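Please keep the sequence and the model side by side while going through them.

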Amino acid sequence: ENNDMSLQGKTAVVTGGGSGIGRAIALQLAKDGAAVSVWDLNGDSAKETVTMITEAGGKAIACTGDASAADNIASSADTTRKAFGPITILVNNAGISGFTPFMDISEDMIDRMMSINIKGPMLCCQQIIPDMLEAGWGRIVNISSSSAQTGAAIMTHYSASKGGIVAFTKSLALEMAAKGITVNNIPPGFVDTPMLRKSPVDIDKQAEVSPMKRPGSPEDIATACAFLVSEAAGYITGHTLSVNGGRVMP
């Protein structure tokens, strides 16, 4: 039996794992055998994800905290290591969105967007990469956005932050390539999540004009992520894996 996709014996952290894409990723990685630490600002939703995993026979814990605050990141990482040992899989999924005309974007909105969407993943990587270096093996997946590929009106601060994630992914991939650590990113486009439903996007209208006539599901992103963090994807790094049903072909 070929077990290249198995994550048995590995410990994974999924930030923003309490809902939407993050929850689907946490469930998938647990199904593939990883012990999953679900990090979320909303502790109740993180615990719900953990319950879903344990009821399905998987291993998981919940950590409540802000994945863009260094002290929260450090304590969640420590809790995770105490429970499951060294962390060698990190999925930086936590993020915020924003729909605001450019001239109306305040300095505070810019700072918050960059803090959560760029600084957060960078700090999470700094906290967890030592475990990967020690193991000589690591997998980092950053959830970016198709808005970084196409641009997005009234989302300038958001798409700028996600464009930063694409460039950060490539640069960190180069720096870590000889150390057994791969760094890749997945830009979701039009995925049916609580975040999308709260946005001004007309889901039905968008579906009509998309090639597959449907939004993506969180599970579509999760299975791509599961591949990138597996043994099977060991020679893929610095890559942007578009999972968008043909909507964007960069």
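Is D192 buried, partly exposed or exposed? D192 is partly exposed, with a relative accessible area of 25%, where buried means under 20% relative accessible area, exposed means over 50%, and partly exposed lies in between, using a 1.4 Å probe and protein chains only.

1. This is a predicted model, in which local features need pLDDT of at least 70 and side-chain atom pairs count only at pLDDT 80 or more, while totals for chains, interfaces and linings use all residues. Residues are numbered from 1 along each chain as its sequence is written, and side-chain values use heavy atoms, with hydrogens and water left out.

2. The structure holds 5 salt bridges, a salt bridge being a side-chain nitrogen of Lys or Arg within 4 Å of a carboxyl oxygen of Asp or Glu. In general, side chains of opposite charge can pair when their charged atoms come close.

3. One of these pairs joins D131 to R81, with 2.8 Å between the closest N and O atoms. D131 lies in helix α4 (residues 107-135) and R81 in helix α3 (residues 70-84), so this pair ties together parts that are 50 residues apart in sequence; helices (H or I, at least four residues) and strands (E, at least two) are DSSP runs, numbered from the N terminus. D131 is buried, at 12% relative accessible area, whereas R81 is partly exposed, at 21%.

4. D192, the residue of the opening question, forms a salt bridge with R197, and their closest N and O atoms are 2.8 Å apart. R197 is exposed, with a relative accessible area of 56%.

5. A further salt bridge links D220 and R214, where the closest N and O atoms are 3.2 Å apart. D220 is partly exposed at 26% relative accessibility, and R214 is partly exposed as well, with a relative accessible area of 41%.

6. Leaving aside neighbours within four places in sequence, I221 is in contact (heavy atoms within 4.5 Å) with I21, I25, I143, I186, P188, V191 and V243.
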